[in-house]
Amino acid sequence: MEQKNSKIYILIVVGMVSALGPFVTDFYLPAFPNLVTCFDTTASRVQLSLTFSMIGLAVGQIFLGPVSDKFGRKRPLVISMFFFVLSSIGCVFSPSVEIFILARFIQGFSGAGGGGIVISKSIATDLYGGKDLAKFFSMLACVQGLAPICAPVLGGLLLLVTNWRGIFGVLVLIGILLLLVLLRFHDSLSKENRLQGELKERFVYYKEVLQHRKFMYFVLIQVLGMGVMFSYIASSPFVFQEHYHLSPVMYSVCFACNAVAIMLGSLSVVRFRSNEHALRVGVWGFMFLCCCTGASLCMELSVIIIEIVFFLFLFFLGIILPTSTTLALNLERQNSGTASAILGFLTFLGGGIVSPLTGMGNILYSTSAIMFVCCVLILFCTWKVLKMAKR
């Protein structure tokens, strides 16, 4: 008799592994000055370690998606988690910044599989459908929304008691814990549902999935939504701490409140009559609050007003992220690993492009402009895809 995982176990495991990707990129950000001093190098070279980890995360998903469709979900998860632990140990004991950058690339690549960025969505698609899938993704979106926001804050707190090597030591321990947990995982993709033929044939399916217009519109909605998230993460320390002169503790409080906003928005998805309805409401609310947020930033209104509009703005982002993911992957259930890989790859690519743009010129204006452009494009993509659904 085939053994199955409990729903609670699946939620915990998928939540933990999907949160690992953001921790790979964000957890050590507060330690950048410490790294510059330790390696006696420049800030730009240390910054390359972040760039290469994001490249690893993006590229890893392209390869690990088809591999999981071919061999099941468990084997790639366990193997990539093993290499994640090794690369994290490599980061801890790196003698030079060049070795550190290489270890970060491997950590990012393995984090795409071990971190479950691509495979976690495939597991959910294997096990659930319809409203159950939307409910699962709404809960998963809480974790995915909280992780990139909380990671730098937790990293900063950790630096009070250790240095940057200690941060990567914690990642080693997290990796070992997840590896042990994953050994008890029963594969969600049965052997009869795995793809047949040579693995190299799977990469042909990327072209097929990329040509699926409706799927790609939903993917673009997700990518642009996460672009707003990454721009918020990149700019908020400067907005709240440098412009409004909040202390690190008060900034962390604002960060935590906005994380709750994303979580509440994600949990509200199940109360809508359909995913399409939730997406429509989320996008229009997102657009309205984007204008309010941009206007508040440009007019340099009080920090209380800024925090309120950010909270409401990110609440609607919490509605958009799980619904766009659900609607996208529902269209490519037979190629869920490949579809998830495309979704993850473009999300990190978009985030890597958008984040540094917030630092161009006046950060209040540039952040407002980037968020507005992303919101307008989300509105356009939503209009196009819902128009296609009526045909």
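In the largest nonpolar core, which holds 115 residues, Phe286 and Phe313 touch the most other members. Such a core is a set of buried Ala, Val, Leu, Ile, Met, Phe, Trp, Tyr and Cys residues joined through side-chain atoms within 4.5 Å. Helix α11 (residues 213–243) supplies the largest share of this core, 16 residues. Helices are DSSP runs (H or I, at least four residues), numbered from the N terminus.

The model is predicted: local features need pLDDT of at least 70, side-chain atom pairs count only at pLDDT 80 or more, and totals for chains, interfaces and linings use all residues. Residues are numbered from 1 along each chain as its sequence is written, and side-chain values use heavy atoms, with hydrogens and water left out.

Beyond its neighbours within four places in sequence, Phe313 is in contact (heavy atoms within 4.5 Å) with Val228, Phe286, Leu289, Cys290, Thr293, Met371 and Cys375.

The axes of α11 and helix α14 (residues 303–330) come within 9 Å and cross at roughly 155 degrees. Axes are lines fitted to C-alpha atoms over the stretch in contact, and angles run from 0 to 180 degrees between N-to-C directions. The two helices, α11 and α14, are therefore roughly antiparallel (angles over 145 degrees). The contact of α11 with α14 has 18 nonpolar, 4 polar and 1 charged residues. Here Asp, Glu, Lys and Arg count as charged, Ala, Val, Leu, Ile, Met, Phe, Trp, Tyr, Cys and Pro as nonpolar, and the others as polar.

Val14 lies in helix α1 (residues 7–26). Val14 counts as buried because its relative accessibility is 1% (buried means under 20% relative accessible area, with a 1.4 Å probe and protein chains only).

How values were computed. Buried < 20%, exposed > 50% of the residue type's maximum accessible area, 1.4 Å probe, protein only. Parallel < 35°, antiparallel > 145°, perpendicular 65-115°, else oblique.
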